[in-house]
Amino acid sequence: MTRGFITVATGDESYYRQAYNLLRSFRLFHPDVPFAILCDRENAYTKAFTDTVLLTGAQRNYLDKFFLLTDCPYDENIFIEPDCLVYHSLERFWE
């Protein structure tokens, strides 16, 4: 069974920057835990993620989060909004 974290970034480049900053803060506490991005295109920011899931027909708004129900790359997924930062270990959420 695979476990990992995921975020969503579509549309404006600022969402990709936010997701990248989230990933950088996440890596301080979890250097080896898979972290995916659900997005509408690949770019320099998406290359840093463990997995990139491309959306076809992205709406480029909050509706893209519904793809988390069908397009997550792991068996167990924890979603984090791209405008968040990680300040401590998130291991407790797997318990």
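**Ground rules.** I take helices and strands as DSSP runs numbered from the N terminus, with a helix being H or I over at least four residues and a strand being E over at least two. The model is predicted, so I kept local features only at pLDDT of at least 70 and side-chain atom pairs only at pLDDT 80 or more, while totals for chains, interfaces and linings use all residues. Residues are numbered from 1 along each chain as its sequence is written, and side-chain values use heavy atoms, with hydrogens and water left out.

**Entry: helix 1.** I began with Arg 17 and Glu 13, whose side chains meet in a salt bridge at 3.7 Å, N to O. My cut-off for a salt bridge is a side-chain nitrogen of Lys or Arg within 4 Å of a carboxyl oxygen of Asp or Glu. Arg 17 and Glu 13 are about one helical turn from each other, because they sit four residues apart in helix 1. Next I checked cover, calling a residue buried under 20% relative accessible area, exposed over 50% and partly exposed in between (1.4 Å probe, protein chains only). Arg 17 comes out partly exposed at 38%, and Glu 13 is partly exposed at 40%.

Tyr 20 is in helix 1 too, and with a relative accessible area of 27% it is partly exposed. I also looked up how Tyr 20 sits against Lys 47: 27 residues separate them in sequence, and their C-alpha atoms are 9.6 Å apart in space.

**Entry: the other salt bridges.** How many salt bridges does a search of the whole structure find? The search returns four.

Glu 76 pairs with Arg 3, with 2.9 Å between the closest N and O atoms.

Then I turned to Asp 40 and Arg 60, a salt bridge with its closest N and O atoms 2.7 Å apart. This pair links distant parts of the chain, 20 residues apart: Asp 40 is in the loop between strand 2 and strand 3, and Arg 60 is in the loop between strand 3 and strand 4. Asp 40 counts as buried at 17% relative accessibility, whereas Arg 60 counts as exposed at 52%. Through shared partners, salt bridges join Asp 40, Arg 41 and Arg 60 into one network.

**Entry: aromatic rings.** My search of the whole structure gave six aromatic pairs. I pair rings of Phe, Tyr and Trp (its six-membered ring) if their centres lie within 6.5 Å, and call planes under 30 degrees apart stacked, over 60 edge-to-face and the rest tilted. Phe 35 and Phe 49 make a tilted pair, because their ring centres are 5.6 Å apart and their planes lie at 50 degrees. The two are 14 residues apart, with Phe 35 in strand 2 (residues 35-39) and Phe 49 in the loop between strand 2 and strand 3 (51-54). Buried or exposed, I wondered about Phe 35 and Phe 49? Both are buried.

**Entry: nonpolar core.** Here I count buried Ala, Val, Leu, Ile, Met, Phe, Trp, Tyr and Cys residues joined through side-chain atoms within 4.5 Å. The largest nonpolar core has 18 residues, of which Phe 5, Phe 26, Phe 35 and Ile 37 touch the most other members. Strand 1 (3-9), helix 1 (13-29) and strand 2 each supply at least two residues of this core. Helix 1 gives the largest share, five residues.

**Entry: cysteines.** I searched the whole structure for disulfides (a pair of cysteine sulfur atoms within 2.5 Å) and found zero. For Cys 72, the closest cysteine sulfur is in Cys 39 at 13 Å, too far for a bond. Cys 84 has its closest cysteine sulfur in Cys 72 at 16 Å, also too far. Cys 72 is partly exposed at 23%, and Cys 84 is partly exposed at 32%.

**Entry: surface patch.** Tyr 62, Leu 63, Phe 66 and Leu 69 make a nonpolar surface patch of about 490 Å². Patch residues have over 30% relative accessible area and no salt bridge, with like charges joined within 9 Å and nonpolar side chains (Val, Leu, Ile, Met, Phe, Trp, Tyr) within 5 Å. Accessible areas come from the Shrake-Rupley method with a 1.4 Å probe, and for residues only the protein chains shown count as cover. Leu 63 sits in the loop between strand 3 and strand 4 (76-79) and is partly exposed at 31%.
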